[in-house]
Amino acid sequence: MISVEFALLSYSNSSDNTYSWMLEGLDKDWTISKNNIASYTNLKPGTYTLLVKAANSQGEWLTKPLYLVIIISPPFYKTWWFIALFILAVAGIAFKLEQQHINRIKARYNLRNKIASDLHDEIGSTLTSINILSNVSQQAMDKQPQQAKEMLHQISAQSKTIQQNMSDIVWSIRPDNENIENLVTRIREYAAQTLEPLNIATRIEADDGLIEKTLPIQHRKNILLICKEAINNIAKHSNATTAKILFINSKNRITLSIEDDGKWKGNSSGTGTKSMHERANALSGNMTMNASEFGTKILVSIPIP
Amino acid sequence: MAIRVLIYEDNENLLKSIQTLLLFNNDFDVIAAMPDAVSVKDDIGVLKPDVVIMDIDMPHSNGVDAVTAIRTINNDLPVLMFTVFEDNENIFNAICAGANGYLLKKNFDQIPASIKDVLDGGAPMTSSVAKKVLTFVPKNKSTPNEDVESLSAREKEILEYIVKGYSYKMIAAETNIAVETVRSHVKKIYKKLQVNNATAAVYKFNQHN
């Protein structure tokens, strides 16, 4: 709201003075009044000129109207640059949110695909194999009991594998297993189960700085399986008396050191070792294996995302 | 003499398989295999088993409630819960209700050994269950309820090792005590959970009346 007060310097019967004004840019006509205040509300931003004329009590008008230029500048949020910036910001945020949304959908999609393919590869195919073996062993039972027995043995071994794979997949998916501490716990439990009956003293340690860090599903699963494979190798091939697995914290990387003091009798190019290499590569990491008379040492280095 | 086993398990395949597994082992005599535990009190009265294997998640009846029911008439009968790996909440509740141990379904082949272990007084405890125990048992004696038994420093230390996945053997090596001592500590933890549970039950009972 804007008010302009004016007065004619004529003091005889000043209450009979007449005023007339017009705001150019808004008013179409002059306003005539005995009042000496012109008030305007809600003026839009712009330039106006207030013209004022006055007459004394005798009705003699001033020859020339007085004028006052009034510039209403727009509030900052109505300036063109602010509006442009605002639209840009909104568009930017919307774009960012949309991208995050798309990324989340993509991540979820990839995860579902990965779980589906894990289930298919590791569970589905083995179940099919067990089904085939059990059918064939039924047929072979009478005529070739020795083969049937061998097939039953395979069924037993394969179903045990499925059970473990299933358990690992379920474990990796569960959200409460995200931190490295839980991974170490699971490996420790597996090592105790596998190596203690063979009287192999086992130590599994993780650097303090590592324990609280979290890992995505694929990392958890692959590191778990690398360790399990290594533990199985120690159980099967090493004849060791001690085994040690260390999780070492190095800059943005996790280094696994798996060591035993046995004599390696296995085949370092076997499928087990190959799959360990593949799993390390799948996480953009690398693996080295050093087997000697005095023990085997495996080093796996993996970048932490 | 063969150990008389009574089994409760609602999955028919699994029930048959355990039965078969134990039938081929002369140490065991499966006296009955039931798909649910609705009539558990009558069953143990009539069949007089040496040990009960109890599934937790069954239709019409819950294994934890069944343990509670057994404990109202028999305090000494060993009850082993038979469950899936992920079921910590229920395993914990079953121990509080008076179960003597638990077997994980994935360790199917260890059933005979586990039964004998529990009969010999062994108390199993895995990482995830230990975690639950630690959060549940009061940390020290300053709790308002004087009847609740808290864990000793040693028991707490052992639980913390178990939480990290240490086996009883590894804990023994780590703390310089015998494996048997570790086991007896875990057994005491079981006892305390059961005592606390009973106290809680009496407490609740008094609150309601």
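Biologist: Are Arg186(A) and Asp168(A) buried or exposed?

Modeller: Burial is read from relative accessible area with a 1.4 Å probe on protein chains only, where buried means under 20%, exposed over 50%, and partly exposed in between. By that reading Arg186(A) is buried, and so is Asp168(A). As to the ground rules, this is a predicted model, in which local features need pLDDT of at least 70 and side-chain atom pairs count only at pLDDT 80 or more, while totals for chains, interfaces and linings use all residues. Residues are numbered from 1 along each chain as its sequence is written, chains are lettered from A and ligands numbered from 1 in the order in which they are written, and side-chain values use heavy atoms, with hydrogens and water left out.

Biologist: What do Arg186(A) and Asp168(A) form, and how far apart are the closest N and O atoms?

Modeller: They form a salt bridge, with the closest N and O atoms 2.9 Å apart; the term requires a side-chain nitrogen of Lys or Arg within 4 Å of a carboxyl oxygen of Asp or Glu. Arg186(A) belongs to helix α3 (residues 180-195) of chain A and Asp168(A) to helix α2 (residues 145-173) of chain A, so the pair ties together parts that are 18 residues apart in sequence. A network of salt bridges links Asp168(A), Arg186(A) and Lys228(A), and the search of the whole structure finds 13 salt bridges over all chains.

Biologist: Which residue does the side chain of Lys263(A) meet in a salt bridge?

Modeller: The partner of Lys263(A) is Glu293(A), at 3.8 Å from N to O. Lys263(A) counts as partly exposed at 47% relative accessibility, whereas Glu293(A) is exposed, at 53% relative accessible area.

Biologist: How should I read the size of an interface, and what area do chain B and chain A bury between them?

Modeller: The size of an interface is often given as the accessible area lost when the parts come together. Buried area here is what two parts lose on being put together, with a 1.4 Å probe and summed over both. For chain B and chain A this comes to about 1500 Å², 42% of it on carbon and sulfur atoms. On the side of chain B that touches chain A, α6 (127-136) and α8 (168-175) of chain B each supply at least two residues. Contact, meaning heavy atoms within 4.5 Å, takes in 16 residues from chain B and 17 residues from chain A, and the count of salt bridges between these chains is 0.

Biologist: Which domains does the assignment give within chain B?

Modeller: Domain bounds come from an automatic or database domain assignment, which for chain B gives domain 1 (3-124) and domain 2 (128-208). The contact between them takes 17 residues from domain 1 of chain B and 13 residues from domain 2 of chain B. These two domains bury about 1300 Å² between them, 63% of it on carbon and sulfur atoms. In domain 1 of chain B, Phe92(B), Cys96(B) and Ala123(B) lose the most area to domain 2 of chain B, together 44% of what that side buries. Across this interface the rule finds 1 salt bridge.

How values were computed: Helices (H or I, at least four residues) and strands (E, at least two) are DSSP runs, numbered from the N terminus.
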